[in-house]
Amino acid sequence: MKWTSEKIPDQTSRTAIVTGANSGLGLACARELARAGARVVLACRNVSKGTDALSAIEQALPDAQLELAALDLAELASVESFAQEFLSSHGDGLDLLINNAGVMAPPRRETKDGFELQLGTNLLGHFALTAHLIAAMQGRPDARVVTVSSNAHKMGRISFDDLQSERRYNRWVAYAQSKLADLLFALELDRRLRASGSQIKSLAAHPGYAATNLQAAAPPLLDRMVMRVSNVLLAQSAEMGALPVLYAATEPGLEGGVYVGPDGAGEFRGHPRLSSPSRAARDERVAARLWSTAEELTGARFELEAGAAA
Ligand SMILES: NC(=O)c1ccc[n+]([C@@H]2O[C@H](COP(=O)([O-])OP(=O)(O)OC[C@H]3O[C@@H](n4cnc5c(N)ncnc54)[C@H](OP(=O)(O)O)[C@@H]3O)[C@@H](O)[C@H]2O)c1
């Protein structure tokens, strides 16, 4: 039988953070984790949208244990204050971090810290967030970090000579780079966790093609119109797109370092199954260089040994 969210094991007494939980996949993940009994922190940049999402989940699930917290991944100070607030109010720790939020193909913009917006939001914000929170996951049974990548990672290349697309900006190339970077990060994090003897796992997932606000949010009008049509004709629902993420987050016995996607043709739609990262995503030298570059840019450090954090 195909895997659905009904197969999520009981999550009672587990605490999860879902970034970008007010919309699309993040909202579906937050709702299904809450349905399974997890305490879920909705980490949203827009608190008013977050409040609406929280109310919608509460309406469907009156017993849901939900919290809302402000997190703007495009501002390192916001990432740090979100993490500090979480750590000071959740002494028992964190079981699940879902690095889901993302932006796709906007005109060239920069984060508050001067990073190209897609790299800054999709990779660097999540890199810093994970570094701040990883110590809170040490010692928690079956603790997992799940980072959301994309089929687009297969088109990606990490351009170390113009990482922030300052010399030349193509919004789709920059999106593909950021999603390859997400996958490189997830796999490198798992290797580092294993090397340090940690029990925490890092996994990655992608939704295939799901109709969400991603396609509506950023690109110019023509692309938006094309995507609106293809959303109707080709895309699966946000709920289906969320399944690989939920599977990576909760399926018992999954190894760290795996990548989960939909099982349909081209991995555009379907139910979760293990997927294969591209060769570029498995390049350990690029991953190590990207890691140190991310450390330099964000100032965040992962202290994986002995349970200490950035
Ligand atoms: N949908 C697909 O077909 C597809 C395919 C491949 C990969 N993905 C990946 O799936 C993930 C979720 O996307 P989605 O499809 O669910 O899109 P979505 O409906 O647009 O949701 C994206 C979420 O990210 C949030 N976000 C954007 N910038 C942020 C920031 N600076 N700080 C904090 N949160 C921020 C958005 O907040 P606002 O609502 O405030 O904008 C929203 O909650 C993304 O990583 C995307 O790359 C999606």
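Q: How much space lies in the largest cavity?
A: About 40 Å³. Keep in mind that this is a predicted model.

Q: How many cavities of 30 Å³ or more does the structure hold?
A: One.

Q: Which residues line the largest cavity?
A: Its lining consists of Leu-123, Phe-127, Leu-184, Phe-185, Glu-188, Ala-287, Leu-290, Trp-291 and Ala-294. The elements that each supply two or more of these residues are α4, α5 and α9.

Q: Which element gives the most to that lining?
A: α9, with four residues.

Q: And how does the lining of the largest cavity split by class?
A: Eight residues are nonpolar, none is polar and one is charged.

Q: Why look for spaces with a probe at all?
A: Rolling a probe the size of a water molecule over the atoms shows where empty space has been left.

Q: What classes are in the lining of the largest pocket?
A: There are 24 nonpolar, 17 polar and five charged residues.

Q: What about the second largest pocket, how much space lies in it?
A: About 160 Å³. The residues lining the second largest pocket are Arg-157, Ser-159, Asp-162, Leu-163, Ser-165, Arg-168, Asn-170, Val-173, Ala-174 and Gln-177.

Q: And by class, what does the lining of the second largest pocket have?
A: Three nonpolar, four polar and three charged residues.

Q: Changing topic to rings. How many aromatic pairs does a search of the whole structure find?
A: Seven. One of them is the pair of Trp-291 and Phe-302, which is tilted, with 4.7 Å from centre to centre and 45° between the planes.

Q: Why give both a distance and an angle?
A: A pair of aromatic rings is described by the distance between the centres and the angle between the planes.

Q: Where do Trp-291 and Phe-302 lie?
A: Trp-291 is in helix α9 (residues 284-298) and Phe-302 is in the segment after α9, so their pair ties together parts that are eleven residues apart in sequence.

Q: Does Trp-291 count as buried or exposed?
A: Buried, because its relative accessibility is 3%, under the 20% cut-off. Phe-302 counts as buried too, at 10%.

Q: Which residue lies over the face of Phe-160?
A: Arg-289, at 4.0 Å from the ring centre.

Q: Now some single residues. Where is the place of Gln-11, and what does it touch?
A: Gln-11 is in the segment before β1 (15-19). Setting aside residues up to four places away in sequence, Gln-11 touches Leu-33, Ala-36, Gly-37, Ala-38 and Thr-250. Gln-11 is buried, with a relative accessible area of 3%.

Q: Ser-13 is in the segment before β1 as well. Is Ser-13 buried or exposed?
A: Exposed, with a relative accessible area of 61%. Ser-13 also has a positive phi of about 75°, although it is not a glycine.

Q: Which other residue than glycine has a positive phi, near 55°?
A: Ala-105. Its place is in the loop between β4 (96-99) and α4, and Ala-105 counts as buried at 0% relative accessibility.

Q: Last one: which helix does Leu-54 lie in?
A: Helix α2 (residues 47-60). Leu-54 counts as buried, at 15% relative accessibility.

Q: What is Leu-54 in contact with?
A: Leaving aside neighbours within four places in sequence, Leu-54 is in contact with Leu-42, Leu-66, Glu-67 and Leu-68. As for Ala-30, which is 24 residues apart from Leu-54 along the chain, the two C-alpha atoms are separated by 9.3 Å.

How values were computed
Residues numbered from 1 in each chain as written. Predicted model: local features only at pLDDT ≥ 70, side-chain atom pairs only at ≥ 80, totals over all residues. Heavy atoms only, no water. Nonpolar A, V, L, I, M, F, W, Y, C, P; charged D, E, K, R; others polar. 1 Å grid on protein atoms, 1.4 Å probe; cavity = no way out; pocket = protein on both sides within 12 Å on 5 of 7 lines; lining within 4 Å. Points joined across faces, edges and corners; volume = space filled by probe spheres on them. Phe/Tyr/Trp six-rings, centres within 6.5 Å; stacked < 30°, edge-to-face > 60°. Buried < 20%, exposed > 50% of the residue type's maximum accessible area, 1.4 Å probe, protein only. Lys NZ or Arg CZ within 6 Å of the ring centre and 35° of its normal. Contact = heavy atoms within 4.5 Å.
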